[in-house]
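Q: Hey, can you walk me through this structure? I'm new to this.

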Amino acid sequence: MNLPDDFAFTQGSLQDAADCPRRFELRYIKRLRYPAVEAAPALQFERRTRQGARFHKLVQQHLMGLPAETLAWSLHDDPELAAWWGAFRKTGLTGLPQGRQAEIALQTRLGGRRLIAKYDLLALDAGGEAVIVDWKTWRRVPAQSHLQGRLQTILYRYVLAKAGGHLYGGPIPPEKIHMIYSFVAAGGQRLGIDYSAAQLREDEDYLLNLIAEIDRAEQFPLTEDETRCRFCTYRSLCERGEAGSLDLLDEEDEFAEEDYRLDFDQIAEIEF
Amino acid sequence: MSAKLQIPLTAEQAAIAAAAPDRKIWLEGIAGSGKTSAGIGRLLRLLEQGIPAESILIYVPQRSLAQPYLQALRQHSGYSGGQVAVQTIGGLSLQMVEAFWFLIAERAGFGHPQDLPNFLSLESVQYFMTKVIEPLVNQRDYFNSVRIERARLYSQIVDNMNKAAVVGFRIEQIAPRLKSALPGGVEQGHIYDDAQTCALEFRQYCLANNLLDFSLQLEVFLDQVWNLPQARAHVRRRYRHLIVDNVEEDNPASHRILADLLRMCQSALVIYDSDAGFRRFLGADPENARGLQDLCDSQAQFADSKVMSVAGRALGRALAGQLGAPFVTGLDESAEDDPQPSLITEAHRYHPQMVDWAADRIDELVNRQGVSPREIVVMAPFMSDVLRFALVEGLMARDIRARSHRPSRALRDEPAARALLTFARLAHPRWSMTPAEFDVAFAVMTAIDGLDLIRAKLLTEMLYRGGRLLPFSDVKSEAMQDRITYELGARYDRLQTWLNNYIEGAPTEALDIFFRQLFGEVLSRPGFGFHDNSDAGNISMNLVDSARNFRWSLEFVRRYEDQTDLGRDYLDMVDRGVIADFYLRDWIADNDDCVLIAPAYTFLLGNRAVDYQFWLNIGSEGWARRLYQPLTHPHVLSLGWRADRTWTDDDEAAMNRQTLGRLVLALTRRCRKEIYLGYSELSESGHEQRGLLLEAIHGLLRRSAAKNINGKAHV
């Protein structure tokens with residue numbers, strides 16, 4: 001066992017394990033924090049990441065009851081974000097089931113480990129469709145096959161099938177699960193991915209293997225694909241070049257918002 | 001959805017856990033009586049019954065106090081479903097103000113309701129406080145008779161504002177309250193007036209610039225957001241089941257929200273720790289918390305400790321009794337119980353002897369008796385750098401891991417941070433903050449793997465000229481080049497070249513980005529001091545977080561007014577000792593198998609029991625006496641204070657005794673086996689020590705001796 005008993009796998013940690021076992025080891029086993037710049041120019045990268053986080057916050061505020069117009073009024077200082085918001089208002093919630101849960105996390109167990117998925121939006125009607133919506137602020141829309149192979153797609157559908165029954169009124173048949181990636185920077189274009197019982201079994205086997213490999217591993221080799229090191233903060237430790245160019249980065253909102261946010265909650269308690 | 005979720009419970013705990021999911025229960029008992037275990041049992045039972053986890057709220061005064069609940073959930077093998085929420089008043093108010101900001105900002109009086117709010121951390125608060133009120137303080141000669149550091153003065157003004165917010169009075173009432181209760185003459189009255197003027201100025205500045213310190217965040221939440229139907233509907237929908245722990249450590253603002261939550265929710269368990277309330281200096285109000293009892297359907301009481309030994313229980317009772325504590329509950333056992341078996345004491349003349357004694361005893365426990373270091377805590381009322389260093393070194397010499405925990409640790413004291421800050425000065429000559437030669441030598445030594453301080457000093461003596469580093473080739477003496485070695489010279493050159501290229505290029509104003517670039521491009525590379533160095537990585541990350549948070553706050557205000565250089569201002573704040581934010585990730589290390597070295601209250605706020613406690617400096621008055629705070633007062637600014645009363649010396653003495661009584665009870669209730677008392681006649685600074693705790697312990701030992709009990713005491 002390389003990890004503590006209560007370790008939870010998320011899409012980020014699973015993607016790290018799949019991309020580069022060495023990165024997984026450094027980040028989650030050794031818990032080594034390495035504050036190198038992810039992408040250059042750093043300030044532009046920061047701006048884009050913060051824009052992505054702010055967009056997600058807007059959606060959350062709207063789903064908590066704030067009128068879309070009020071939120072649009074607050075975007076006077078960021079025309080790009082205002083355009084994304086406009087795209088969301090047009091099609092963001094169109095055709096989705098009415099039972100909606102924003103920013104909800106579900107967890108289940110597999111191979112003796114916890115799996116956690118944090119959803120932008122779950123839209124489910126009892127006995128009807130169960131839709132996972134994930135808003136992306138990426139500048140380019142990737143190929144469907146790329147999305148299909150992402151750990152996020154694999155994990156989110158699997159966890160919903162296993163742990164979302166209480167939101168659905170009973171077990172969710174995999175065929176009722178759909179995942180929608182909504183690209184607001186591309187005018188709200190959607191790419192949908194279905195699910196099936198066969199796919200669930202395949203995903204389960206894949207996740208089981210990945211988890212077992214991590215648990216059993218005696219060595220965590222560095223990836224041979226050096227392009228995966230471009231935006232990794234450990235690249236100086238592994239002697240794998242300089243920070244990648246922002247132009248080559250599409251998935252900046254995958255850099256966790258938490259990395260950019262202090263735990264004000266705890267700080268407020270202590271400072272006072 | 002969920003498998004059987006169970007933990008072993010006693011009958012009384014099981015009864016709490018199994019109560020119907022529409023019951024609201026008040027549970028009271030002493031520390032260690034199993035209340036939190038009952039709470040965990042309740043949580044698991046709710047989940048087992050199919051209650052959605054996301055509808056359950058665990059509400060605590062401090063986030064780390066929810067860890068036992070989260071840990072229990074994490075370790076359960078069968079659970080599938082949502083996640084329970086954990087909230088504190090700080091977290092809830094921040095999230096709600098942020099979420100509903102655009103509905104309330106204008107009404108709340110903010111200057112730019114169309115823009116986002118900016119929530120300030122402590123260091124940002126200190127920065128803006130300094131910026132806003134320092135001109136006033138200088139021009140009008142405020143606080144001229146108060147002889148403490150400015151940063152501490154300002155933190156007391158912040159403290160006053162926070163107390164007003166959590167208790168629920170306007171900040172205009174701060175000075176009248178203090179003046180009427182603490183008559184200290186005209187001069188003292190002026191000091192309170194000045195403190196209030198500063199608080200009001202700061203509040204106006206925050207409102208004008210969309211800044212929210214903790215006090216304003218809380219006021220806006222209570223007065224504005226909490227009155228919004230949308231906000232209440234959101235909370236009502238979201239949290240149907242409530243588990244509140246350590247409610248006695250929470251403040252009246254929290255109690256007000258909890259009262260509403262109790263009315264809204266379907267079920268609740270409210271847990272109250274008798275004889276506690278240690279966070280009074282943070283606004284905790286255990287008396288006010290009791291009002292929530294009336295909103296519950298039933299009451300339960302746990303009387304027996306599941307932690308303390310008979311002797312430990314007797315010790316707590318005897319010491320609290322010696323201090324005349326009137327509030328002690330659950331201590332009506334036989335007065336004949338002997339406290340001595342739980343107590344090991346030894347007197348020393350000098351402070352270092354006491355530290356050595358403590359290290360020897362811990363060595364005996366860990367290395368001879370096989371006690372887990374995690375089961376040992378070493379406490380003192382204050383943990384000075386000297387004491388902390390001596391203890392850590394003493395334990396390391398005995399091959400024992402220790403970790404020290406101080407809530408406010410200045411980053412600038414850490415070598416990695418010191419080096420980064422020195423390089424920041426070097427890299428930004430236009431700030432005119434040229435570092436001293438020794439600081440440069442220290443930074444170069446820290447940065448270059450294999451370079452010792454002597455050679456680092458030689459390098460800087462030869463190559464640090466006019467605020468810049470010259471290349472290694474400028475060392476003309478071959479003997480000196482050999483002494484430094486070409487390998488280290490090459491590393492030095494890489495650092496020097498990077499810095500000079502940075503200066504020649506376009507230096508960023510974002511100091512955090514500078515730190516990250518220097519870290520990633522030089523210091524973390526092979527051959528440099530931060531390479532594969534987890535301490536340096538963590539400290540650097542903390543510094544980056546601190547500088548980035550500071551930059552964001554200032555960039556935000558720049559939209560409304562001209563600002564000076566961000567990076568320079570940050571360094572200036574560091575020099576003034578303002579950088580002291582506390583980061584949660586330091587708490588995460590609490591599971592490590594190390595001896596904990598901490599101030600007594602820090603240990604208590606972690607809310608866990610250990611087998612062995614070491615109380616050092618028992619002669620110190622700090623065990624009972626509160627800090628000198630000339631601008632504020634925790635009792636006068638509390639909810640229960642009557643406006644017509646005056647705080648007297650007798651009140652102060654009684655409060656000291658009561659505070660110490662609570663403290664010793666709390667500590668003994670968190671000790672399973674033995675307490676070691678370390679005493680030295682002379683304190684760290686060479687003064688004789690005769691504090692209240694020592695007096696109480698002397699009394700206890702005299703009584704024991706009179707009963708002719710054989711013990712191990714040697715005081």
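Q: How many helices and strands are there in chain B?
A: Chain B has 27 helices and 17 strands, where helices (H or I, at least four residues) and strands (E, at least two) are DSSP runs numbered from the N terminus. Keep in mind that this is a predicted model, where local features need pLDDT of at least 70, side-chain atom pairs count only at pLDDT 80 or more, and totals for chains, interfaces and linings use all residues. Residues are numbered from 1 along each chain as its sequence is written, while chains are lettered from A and ligands numbered from 1 in the order in which they are written.

Q: Okay, and what box do the C-alpha atoms of chain B fill?
A: Roughly 85 × 65 × 65 Å, taken along the principal axes.

Q: How much of chain B is buried?
A: 50% of its 715 residues; buried needs 20 or more other C-beta atoms, placed from the backbone, within 10 Å of the residue's own.

Q: New topic: how many residues of chain A are in contact with chain B?
A: 48 residues of chain A, against 59 residues of chain B. In contact means that the C-beta atoms, placed from the backbone, lie within 7 Å.

Q: Which element gives the most on the chain A side?
A: H10(A), with eight residues.

Q: Which strand of chain B does E3(A) pair with?
A: With strand E3 (residues 81-82) of chain B, in the antiparallel sense over two bridges; pairing takes at least two bridges found by DSSP.

Q: And what's the bridge partner of A:Gln107?
A: B:Gly81, in E3(B).

Technical notes
A residue is buried if 20 or more other C-beta atoms lie within 10 Å of its own, exposed if 12 or fewer, and partly exposed in between; C-beta atoms are placed from the backbone. Two residues are in contact if their C-beta atoms, placed from the backbone, lie within 7 Å.
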